[in-house]
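Work through the exercises below with the sequence and the model open. Each task is followed by a solution in steps.

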Amino acid sequence: MIYLYHGTDLEFDTPIPERGRKGTDFGQGFYLTPHLESAVSMAHRVARRKNSLESVVMCYSLDENQLVSAGLRIRSFLN
């Protein structure tokens with residue numbers, strides 16, 4: 001089990017990768033990080049960019065084996 005974070009400006013129930021910004025480093029998608037500090041920083045950046053008053057960090061607990069068997073494309077970077 002791993003814990004990953006997503007920083008944004010609004011809370012939601014289900015991630016929709018197609019709603020991600022186009023033209024990002026690795027393409028449109030739903031980005032997660034194992035680093036809480038990075039997600040907090042991203043939440044603040046997104047809120048400023050969208051002129052939002054709210055910053056939100058979503059936390060997900062994931063089974064890595066289930067992600068692979070679900071057929072998701074995952075890019076991992078080692079520190």
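**Exercise 1. State which residues are linked into a cluster by ring pairs, and describe each pair.**

Step 1. The cluster consists of Phe 12, Phe 30 and Tyr 60, linked by ring pairs. Rings of Phe, Tyr and Trp (its six-membered ring) pair if their centres lie within 6.5 Å; planes under 30 degrees apart count as stacked, over 60 as edge-to-face and the rest as tilted. The model is predicted: local features need pLDDT of at least 70 and side-chain atom pairs pLDDT 80 or more, while totals for chains, interfaces and linings use all residues. Residues are numbered from 1 along each chain as its sequence is written, and side-chain values use heavy atoms, without hydrogens and water.

Step 2. The structure has two aromatic pairs. In the edge-to-face pair of Phe 12 and Phe 30, the centres are 6.0 Å apart and the planes make an angle of 75°. Both residues lie in the loop between strand 1 and helix 1, so this pair ties together parts 18 residues apart in sequence. Helices (H or I, at least four residues) and strands (E, at least two) are DSSP runs, numbered from the N terminus.

Step 3. Phe 30 also pairs edge-to-face with Tyr 60, at 5.8 Å centre to centre and 85° between the planes. Tyr 60 is in strand 2 and Phe 30 in the loop between strand 1 and helix 1, so the pair joins parts 30 residues apart in sequence.

**Exercise 2. Describe the surroundings of Thr 33.**

Step 1. Thr 33 is located in the loop between strand 1 and helix 1. Its relative accessibility is 14%, so Thr 33 counts as buried.

Step 2. A polar atom of the Thr 33 side chain lies 3.1 Å from the backbone nitrogen of His 35.

Step 3. Apart from neighbours within four places in sequence, Thr 33 is in contact (heavy atoms within 4.5 Å) with Leu 4, Tyr 5, Ser 38 and Ala 39.

Notes: Buried means under 20% relative accessible area, exposed over 50%, partly exposed in between (1.4 Å probe, protein chains only). A polar contact is a pair of N or O atoms within 3.5 Å; within protein, one must be able to donate a hydrogen and the other to accept it, and residues adjacent in sequence count only if both atoms are side-chain atoms.
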